[in-house]
Amino acid sequence: MGGLVLALLVSTSCAPSKEPASPSSEPSEASIRWWSKPGQVALEPNAVLDNEGRVWATWINKAGKSAELVLACRDASGELVQSTLANPDGWIAAPALAPMAEGVLCVWETGDDRGEGRRLLARTATLSPDGILVGPVEVPFAQPALTPKLCRTGADRVELICVAAESSEADLALLHLTRSSTGWSSPRPILPSPGDTWSPVLAADKLGRLHVAWDYFDGTTFRVEYAVLDGGAEVERIPLDNGAGYQAHPAIALTDTGAAWIAWEEAALFGQLGGLRNERSLGLAFVDKGQVSWAAESSLPSALFRSDFPKLSWSPEGLLITTRGLGPSFATSARRTNAAAGSDPEREHTHFRDPIARSRVYRHERWRFFAAWWTRVMSFDDAGNPTLVELPQTEGDNLATETLLMTEGGPKLVFATDLRSTIVPTPNPFESSIEAPWRVGSIDLNPATGFPKLVEVPPDTEAKAPPATTASELRAKVTAKKGEPKVYFGDLHRHTHLSRCAGSKDGIATDVYRYARGPGALDFVAITDHFQHLQPWSWWRNQRDVHRFHAPGRLVVFSGLERASKERGHRNDIFLDASNLKFTPRAWNDFPETGSRWKSPPVANTISIPHMMGRSGSPWRWRWMKSDLHRLFEIYQGARGSYEGPHQPLAAFDLDVPEASVGSGLSRGHLFGFVAASDHSATASGLAGVWADEFTRAAIFSALQARSSFATTDFARAESAIGPLHSGADGAASASAPLVIRARGNAPVASVEVFKNGASWRRLGGPAGAPELVVLTVRRYGPYPAKPMHLDLQNAELASWHVRRRGEISTVIQRLTQSSLSIIKGTFALDLVFEVQPTAEPVSLDLTFGETESKTLLSTIALDRTANLEPPFQREQFWRIGPSLNAVELDQAFPDEDRKPGDTYYARVVFEDGNIAWTSPIRVREFEAEAAEDQ
């Protein structure tokens, strides 16, 4: 994929603030004016001021099956006029506006429901006494493009910048076009991009120069850069790297002299095991004549506040910044005061403005599924100290597009909201959606009164070193050698903020696609948000973005969703083509095996993947198995662990129903392939590998349907064969043909265990008496208390240790003695791999945490099995890998002299770094004739 960027004038934006003093007068609900009509679902607004000072706004109205692009203008008297710019049969995305000599120009993305015809369209509009007059549809250029942005540089001259969605290159690149009285110029790349480029913004100064900022993936993480262009030539280019591990979504505001304020969101990490949007803080810099100054730490928002998607607005009097952040929580405190009055305590809520109380209440079990983000505006006093104000009625999901304008009457924010705080969750909050119909409105803001304090050195960002080895480097070690089949890696279980299990951390859809193309080094991905948390319009946007970000040869994107119920288990449905699916949430809750109200999608276009099979309360039942639909099972999930079977390596902490495990299903005669995935807040810890003929959606989907797959906890490859049958096959083979297992990873192979009909059959490991590998597995939600966990070995020494899962860089491990470690944790899961050198018998593993302790004899754990520790260590296990094979590459044959028709085989390959790969089972349904021996 390659890309282009187009440039047009961007006016302003806003961002967050510190724990500040309250202003004398806050923006009030009385100053809100609603733009969209009641009953409309108004999405993705964008706004601009024209030459007469009138505010124009455009948004997508989603009604029923159709979507239309609405354009509205509010004149000085406040009168609102609306018109329809486009009403296509397909989809609309990312509308952008710019003022013209008269009226405005609008550019937007469009395409059909099957992903064809992707392009940008444009249209002019003017205001007359008879309403809004729109010009003919224009096609700036035919190449598919993403996120157009505009700005005006002359009386009738507009610059367009965008990201090219397809090209012969591997990167997304910026393109630039100009629209003048003679029409559109040819698109041309601007600024050589060092990697995938995203989120471009631009503005024009009084000299007609273009100021452009963008973020890009540099091979390790995302960075923000800024450049000034004059007549298309680069004047200066400045990387705004302040040491943060991740920077993205920049915004620009220009001064009268052409200096630039630039804001962005930043974080220590992006996708290293945790959620994609666990935290965000504000980055802010001032660039004047090539010199960069940074906002002082005292002028930046407190760590208590999330600072997502900043926007900026400058005036001679000061700077305004807006951001999205987790807002007030709605808790059960009102029960104490309302229960006596006879009100329904389950439907009461209290609005908290104190951030500490909010944080504490938000973790309450009853309300942890209710997440709302609000827009905050930050201004500064004469000393540069920030004041933060939460804007009323701006609540909604994580991403709400906004525009900050500087009008003659003062600053104004045009925003979208679904007013979800007016919806009180039902007694079972997880089973209902909290997303309401969206509205577009504007609110008047207080004028800016000052600027942040600047320093020459960026403030301490608490940046953390990126992983020593990137995903791309890890993947390169296991990609095909000459003559080997091509393997592709992906994740078929990703969530966004729309899924309410961990919606405050999972990020938006664009985060998933940015991660997949960048730090994740994935070939394919599917967002599988919970069906019961979606509305028809959020499902529509989900499908639209599948088409927008699908890029054959670079990133294959599948449509998907998760269906779950307490009685019927959890499944992810992956679709080859979802264009004809009707989204009706209640009907989707009926599985095709158990009811007729659910109209099953064509099996040819659907793979339904059960996961979390052994979870009590919602276990998988084998009577539901349909071999043509359930062709794959998620044997491993990064968020919870393995569902292979009890006491197997990395066993899930919620594997409470052993008969629902994959081993039990194979022992019952079922055949299915294996994949691994991540789920919530477990990025980069579970992958599906497939062998496909081409790097296309159809080819990868066909390979998944054929069970030509394997599951892995990190980049590794593992395949099996019995004669002509390969991983996932079901057919005929010679009775005497051996099972051949081949594997390669980023560490030597430590052991391989083969399972026949779901039961352990053969195992290979290192020689007895050699040093043993042991894994301490922890599956806890939230950080540990301040007290560390101590691991002590009795009658053994620690030869070495490391954390299994790449990116787990928040773990601190201190060696106390030759036989003991102190483990200080700051994240959700830990797999500590250590090498044990016995000095006497018996060897014991002693774990101490706080006032509790557990003692486990190593000899009581079978090789490649786990031992669950006694309470309170309810989510801790010891896994004994044992002595290692130390095989750089595995190529091992396992003959079977007792094979019977219908026998099924799979292998679990363990690597010395503690990672695992599982081959999809092969079933020898019948025997083929033996070849005659040569005479």
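Both Asp-573 and Arg-563 are buried, where buried stands for under 20% relative accessible area, exposed for over 50% and partly exposed for anything in between (1.4 Å probe, protein chains only). Their side chains meet in a salt bridge with an N to O distance of 2.7 Å; the term covers a side-chain nitrogen of Lys or Arg within 4 Å of a carboxyl oxygen of Asp or Glu. This pair links distant parts of the chain, with Asp-573 in strand β34 (residues 569–575) and Arg-563 in strand β33 (residues 556–565), ten residues apart. Helices (H or I, at least four residues) and strands (E, at least two) are DSSP runs, numbered from the N terminus.

Before we go further, a word on what you are looking at. This is a predicted model, in which local features need pLDDT of at least 70 and side-chain atom pairs count only at pLDDT 80 or more, while totals for chains, interfaces and linings use all residues. Residues are numbered from 1 along each chain as its sequence is written, and side-chain values use heavy atoms, with hydrogens and water left out.

Let us stay with the charged pairs. Side chains of opposite charge can pair when their charged atoms come close. The structure holds 52 salt bridges. One of them brings together the side chains of Asp-397 and Arg-541, at 3.9 Å from N to O. Asp-397 sits in the loop between β26 (386–390) and β27 (403–407) and Arg-541 in helix α6, so this bridge ties together parts that are 144 residues apart in sequence. Asp-397 counts as buried because its relative accessibility is 2%, and Arg-541 counts as buried because its value is 16%.

A further salt bridge joins the side chains of Asp-545 and Arg-544, at 3.1 Å from N to O. Asp-545 and Arg-544 are both buried. Return for a moment to the bridge between Asp-573 and Arg-563, at 2.7 Å. Elsewhere, salt bridges that share partners join Glu-44, Glu-109, Asp-397, Glu-435, Arg-541, Arg-544, Asp-545 and Arg-548 into one network.

Glu-435 also leads us to a serine. The side chain of Ser-538 makes a polar contact with the side chain of Glu-435 at 3.2 Å. A polar contact is a pair of N or O atoms within 3.5 Å; within protein, one must be able to donate a hydrogen and the other to accept it, and residues adjacent in sequence count only if both atoms are side-chain atoms. The side chain of Ser-538 also reaches the backbone nitrogen of Gln-535, at 2.7 Å. Ser-538 belongs to helix α6 (residues 536–549), and because its relative accessible area is 2%, Ser-538 is buried.

Another helix worth a look is α5 (residues 509–517), which is mostly covered: nine of its nine residues are buried. Among them are the charged residues Asp-511, Arg-514 and Arg-517, the convention here being that Lys and Arg count as positive and Asp and Glu as negative, with His and the chain ends not counted.

Ser-299 lies in the loop between β22 (291–295) and β23 (308–315) and counts as buried because its relative accessibility is 0%. A polar atom of the Ser-299 side chain lies 2.6 Å from the backbone oxygen of Gly-384. Ser-199, in strand β15 (residues 197–204), has a phi near 50 degrees, a positive value in a residue other than glycine. Ser-199 is buried, because its relative accessible area is 16%.

The backbone has other details to show you. Leu-419, in the loop between β28 (410–417) and β29 (439–444), also has a positive phi, near 50 degrees. The peptide bond from Glu-841 to Pro-842 is cis, with omega near -5 degrees, and Pro-842 is placed in the loop between β52 (829–838) and β53 (844–849). Gly-409 lies in the loop between β27 and β28 and counts as exposed because its relative accessibility is 78%. Its C-alpha atom is separated by 9.7 Å from that of Leu-445, 36 residues apart along the chain.

Asp-113 lies in the loop between β7 (104–111) and β8 (119–128), and because its relative accessible area is 38%, Asp-113 is partly exposed.
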